[in-house]
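Welcome! Here is a short briefing to read alongside the structure, grouped by topic.

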Amino acid sequence: MTAEVFTPSVAVTMTPSAVKHVRKQLDKKPDARGIRLAIKKSGCSGFKYETQWVEEAATDDRVFHIDGVDVFVKEEHLPLVNGIEIDFVTEGVNSMFQFRNPNATAECGCGESFTVA
């Protein structure tokens, strides 16, 4: 009898709008290799998203290659973002990333933070 190692798949996706925005920004930042999706403890619901430009991958990063864009996520954050879709939307004069996270069980009223059960 042999044992199999099961590694669950983790998914992070981006809409074409988000990919286009990140590519445009990376063109302006020659040292950046991609974007980091980070999770911080914050807000009234528990966690918030942060994005950062990445020049060099950390040893605990998982890299998702999405249509020519590299998205870096720390291994410890993977359970919180598995299945997330990153979008870039414009509402009126404001443009921002929008995160559709199937793991979020609640969000605060202002949209700043989220909860994962």
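Lys 24 is found in helix H1, which spans residues 16-27. The model is predicted, so to speak of local features a pLDDT of at least 70 is needed, side-chain atom pairs count only at pLDDT 80 or more, and totals for chains, interfaces and linings use all residues. Residues are numbered from 1 along each chain as its sequence is written, and side-chain values use heavy atoms, leaving out hydrogens and water.

**Around Lys 24**
- Lys 24 has a relative accessible area of 47%, so it is partly exposed (buried means under 20%, exposed over 50%, partly exposed in between, with a 1.4 Å probe and protein chains only).
- Together, Lys 20, Lys 24, Lys 28 and Lys 29 form a positive surface patch (patch residues have over 30% relative accessible area and no salt bridge, and like charges are joined within 9 Å; a salt bridge puts a side-chain nitrogen of Lys or Arg within 4 Å of a carboxyl oxygen of Asp or Glu).

**Aromatic rings**
- Three aromatic pairs turn up in a search of the whole structure (ring centres within 6.5 Å; planes under 30 degrees apart are stacked, over 60 edge-to-face, the rest tilted).
- Phe 88 and Phe 97 make an edge-to-face pair, because their ring centres are 5.4 Å apart and their planes meet at 75°.
- Both Phe 88 and Phe 97 are buried.
- One aromatic cluster is formed by Tyr 49, Phe 88, Phe 97 and Phe 99.

**Around Arg 100**
- Arg 100 sits in strand S7, residues 94-100 (strands are DSSP runs of E with at least two residues, helices runs of H or I with at least four).
- With a relative accessible area of 36%, Arg 100 is partly exposed.
- Arg 100 and Ile 84 are 16 residues apart along the chain, and 5.5 Å separates their C-alpha atoms.

Definitions and conventions: Rings of Phe, Tyr and Trp (its six-membered ring) pair if their centres lie within 6.5 Å; planes under 30 degrees apart count as stacked, over 60 as edge-to-face and the rest as tilted. Patches are made of residues with over 30% relative accessible area and no salt bridge: like charges are joined within 9 Å, nonpolar side chains (Val, Leu, Ile, Met, Phe, Trp, Tyr) within 5 Å. Accessible areas come from the Shrake-Rupley method with a 1.4 Å probe; for residues, only the protein chains shown count as cover. Lys and Arg count as positive and Asp and Glu as negative; His and the chain ends are not counted. The place of a charge is taken as NZ of Lys, CZ of Arg, CG of Asp or CD of Glu.
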